[in-house]
Amino acid sequence: MTRNLLWVVSLLAFPAAVGAQEPFPNRPITMVVPFPPGGFVDLTARPLAAAMEKTVRQPVSISNRPGAVGAVGTAVAANAKPDGYTVLITASTISLVPEADKLFDRKPAYTLEQLVPIALIWTDPTNLVVSSESPWKSINELVAD
């Protein structure tokens, strides 16, 4: 009898718990852009935010947080409450900053483990170039020197 009573009570409590949860999203979302307004990442973020607003039916505001090759804004996003209301749009520098911090024995502003990629928006090719008058004609020659 006690077991059946617990079962009934748990069934009655379940809808109340489900009803108490708020739908997501139920408030504005902030998109952190770790670069200045008008740059490539910012110009990509603005139409993306507008498209997101139509999908999630909530405002998506841009928060430009430039500094330290993106480390300032990325740290803001990485340390934000992990509730889905702060998203980050960034470039390939996201993977360079923690490594540079290690190289110079600094406490990292953020770690990549604090972030989870959810979409690839564009590709950001990185090129290594030297003067055409330099003695190096390949990466192997540069590294060997």
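Reader: Where is the place of Gln 58?
Author: This is a predicted model. In it, Gln 58 sits in the loop between α2 (40-56) and β2 (60-64).

Reader: Is Gln 58 buried or exposed?
Author: Gln 58 is buried, because its relative accessibility is 19% and buried means under 20%.

Reader: Which residues is Gln 58 in contact with, leaving aside neighbours within four places in sequence?
Author: Pro 25, Asn 26, Arg 27, Pro 28 and Glu 53.

Reader: Back to Arg 27. Which ring face does Arg 27 lie over?
Author: The face of Tyr 85. Arg 27 is 3.7 Å from the ring centre.

Reader: Switching to aromatics. How many aromatic pairs in the whole structure?
Author: The search finds 2. One of them is Phe 40 with Trp 122.

Reader: Why is the pair of Phe 40 and Trp 122 edge-to-face?
Author: The planes stand at 85 degrees, so the pair counts as edge-to-face, since the class takes in planes over 60 degrees apart. The ring centres are 5.1 Å apart.

Reader: What parts of the chain does the pair link?
Author: Distant ones. Phe 40 is in helix α2, and Trp 122 is in the loop between α4 and α5 (139-144). They are 82 residues apart.

Reader: And Phe 40, buried or exposed?
Author: Exposed, with a relative accessible area of 53%. Trp 122, by contrast, counts as buried at 16% relative accessibility.

Reader: Now pockets. What volume does the largest pocket have?
Author: About 960 Å³.

Reader: How many residues line the largest pocket, and which lie nearest its centre?
Author: The lining has 32 residues. Nearest the centre are Leu 88, Val 116, Pro 117, Ile 118 and Ala 119.

Reader: Which elements give two or more residues to that lining?
Author: α2, α3 (71-78), β3 (86-88) and α4 (93-103). The largest share comes from β3, with 3 residues.

Reader: What is the lining of the largest pocket by class?
Author: There are 22 nonpolar residues, 7 polar and 3 charged.

Reader: One more residue. Where is Thr 126 found?
Author: Thr 126 lies in the loop between α4 and α5. Trp 122 is in that loop too.

Reader: Does Thr 126 count as buried or exposed?
Author: Exposed, at 65% relative accessibility.

Reader: How far apart are Thr 126 and Thr 93 in sequence and in space?
Author: The two are 33 residues apart in sequence. In space, C-alpha to C-alpha, Thr 126 and Thr 93 are 9.9 Å apart.

Notes: Residues are numbered from 1 along each chain as its sequence is written. This is a predicted model: local features need pLDDT of at least 70, side-chain atom pairs count only at pLDDT 80 or more; totals for chains, interfaces and linings use all residues. Side-chain values use heavy atoms; hydrogens and water are left out. Helices (H or I, at least four residues) and strands (E, at least two) are DSSP runs, numbered from the N terminus. Buried means under 20% relative accessible area, exposed over 50%, partly exposed in between (1.4 Å probe, protein chains only). Contact means heavy atoms within 4.5 Å. On a 1 Å grid over the protein atoms alone, a cavity is a set of points where a 1.4 Å probe fits but cannot get out, and a pocket is an open set with protein on both sides within 12 Å along at least five of seven lines; lining residues have an atom within 4 Å of a point. Grid points are joined across faces, edges and corners, and a volume is the space filled by probe spheres set on the points. Ala, Val, Leu, Ile, Met, Phe, Trp, Tyr, Cys and Pro count as nonpolar, Asp, Glu, Lys and Arg as charged, and the others, Gly among them, as polar. Rings of Phe, Tyr and Trp (its six-membered ring) pair if their centres lie within 6.5 Å; planes under 30 degrees apart count as stacked, over 60 as edge-to-face and the rest as tilted. A charge sits over a ring if NZ of Lys or CZ of Arg is within 6 Å of the ring centre and within 35 degrees of the ring normal.
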